[in-house]
Amino acid sequence: MNFEDHPDCLIALNRMQPYVDRELTPGEMEEVRRHLDECPPCAKYFDLEESFKMLVRRNACPERAPAGLVQRILQNLREA
Amino acid sequence: MDALAVAGAPVSAGGGLLALAYMAQNQGPAATTPPFDFEAAVAEHVDSLYRAALRMTRKPDEAEDLVQETFLRAYRFRHQFEPGTNFRAWLFKIQTNVFRSRYRRAHGAEQSLDDTEDFYLYQHLGPDQPDGQDPAAQVLDRLGVEEVRSAIEELPAAYRETVLLTDVEGFSYRETAEILDIPVGTVMSRLHRGRQRLQRRLYDYAVDSGLIDADGDGKADQGMAVQGGGAT
């Protein structure tokens, strides 16, 4: 389908980024959600964007600071 | 390590000195230092500051150095922290400033921030797959830690720091804008462009490593063309 012919889809797509980032107002979130419920192509599109955001988060997140860094920092602070 | 716990007690090496430094600060009438001890703050925030530093500097020793400098400055300027505001965001703002002053050249002389096409993954992996097949989701599942981290590190610094703060560290647009000292609108556009670039890069990885066929491009014409130049 071509989203250009569907004003509702365009409105939703313009809100995709703040939607996946949970930056819309509750009312706006609800409007988008209602559109996604009745528009599988848009829903799929939004799913992909959400999955992508999760992918970035999941893979960059669990990293820990090297052992010893905390002690080095505290040592610096004691000497400060 | 509770600052109050050492009050009046013999101070051993370690936490005691820092805790006492706090108490001394907090005894004044204009006690503006955060009401917690710094050791706990270091323990709590060191991992997230380090991983952000590592993505920004791309080098473990430089990342360690950056984080050490960040905490040192935070400690020295702790009286400038406004109680009731977000301490974690404050630390990230300090780290951002240290990074920018040290890597000014790398940060200023950006590669040209050319736009990539919008909705890259969707364009190339398409919706409308038969039999519930979902190549896009499969590709995302198969991409590994290394691919994602390299792709992030290849982003221009201005996009990289924005994506890290929002997507990885979970800061809001407003907090990210505050940390980076840029308008919220700029956060949104950098985030958008940064993600598009990441998607393009990860798509290329997936093609190069055989996760998907390069002729997956053919599916683009089943996709959409919000930005024009695509399907009709």
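With 9 C-beta neighbours inside 10 Å, Arg22(A) counts as exposed, because the cut-off for exposure is 12 or fewer. The model is a predicted one. Arg22(A) sits in the loop that joins helix H2 (16-20) to helix H3 (26-38) of chain A. Its phi is near 55°, a positive value in a residue other than glycine.

Chain B has a residue of like description. Asp181(B) lies in the loop between helix H10 (173-180) and helix H11 (184-208) of chain B, and its phi is near 60°, again positive in a residue other than glycine. Asp181(B) counts as exposed because it has 11 C-beta neighbours inside 10 Å. Just after H11(B), Gly210(B) also takes a positive phi, of about 80°.

**Chain A**

Chain A holds five helices and zero strands, and from the N terminus on its elements run α-α-α-α-α. The radius of gyration of chain A is 21 Å, well over the 12 Å that the globule rule gives for 80 residues, so the chain is more spread out than a compact globule. Taken along the principal axes, the C-alpha atoms of chain A fill a box of roughly 65 × 25 × 20 Å. Of the 80 residues in chain A, 26% are buried.

**Chain B: confidence and domains**

The model scores ipTM 0.89 and pTM 0.75. For chain B the mean pLDDT is 74, with 61% of its residues reaching 70 or more. Among the elements of this chain, helix H1 (residues 15-27) has the lowest mean pLDDT, 45, whereas H10(B) has the highest, 97. Residues 1-17 of chain B have pLDDT below 50, and this stretch has 19 contacts in the model beyond near neighbours in sequence. The pLDDT is also below 50 over residues 217-232 of chain B, a stretch with 34 contacts beyond near neighbours in sequence.

Chain B is divided into domain 1 (3-108) and domain 2 (120-222). Their contact takes twelve residues from domain 1 of chain B and 13 residues from domain 2 of chain B. On the domain 1 side, H2, helix H4 (87-102) and helix H5 (104-108) of chain B each supply at least two residues.

The 25 residues of H11(B) should span 36 Å at 1.5 Å a residue, and the end C-alpha atoms of this helix are 36 Å apart, which agrees.

**The contact between the chains**

The contact takes 45 residues from chain B and 33 residues from chain A. Several helices of chain B each supply at least two residues of the side that touches chain A, among them H1, helix H3 (60-76), helix H9 (157-168) and H11. H2(B) gives the most to this side, with nine residues.

| Side | Nonpolar | Polar | Charged |
|---|---|---|---|
| Chain B, touching chain A | 31 nonpolar residues | five polar residues | nine charged residues |
| Domain 1 of chain B, touching domain 2 of chain B | five nonpolar residues | four polar residues | three charged residues |

Key. Residues numbered from 1 in each chain as written. Chains lettered and ligands numbered in written order. Helix = DSSP H or I, 4+ residues; strand = E, 2+ residues; numbered from the N terminus. Buried ≥ 20, exposed ≤ 12 C-beta atoms within 10 Å, placed from the backbone. pLDDT = per-residue confidence, 0-100. Contact = placed C-beta atoms within 7 Å. Nonpolar A, V, L, I, M, F, W, Y, C, P; charged D, E, K, R; others polar. Expected span 1.5 Å × (residues − 1). Rg over C-alpha atoms; globule rule 2.2 N^0.38 Å. Domains from an automatic or database assignment.
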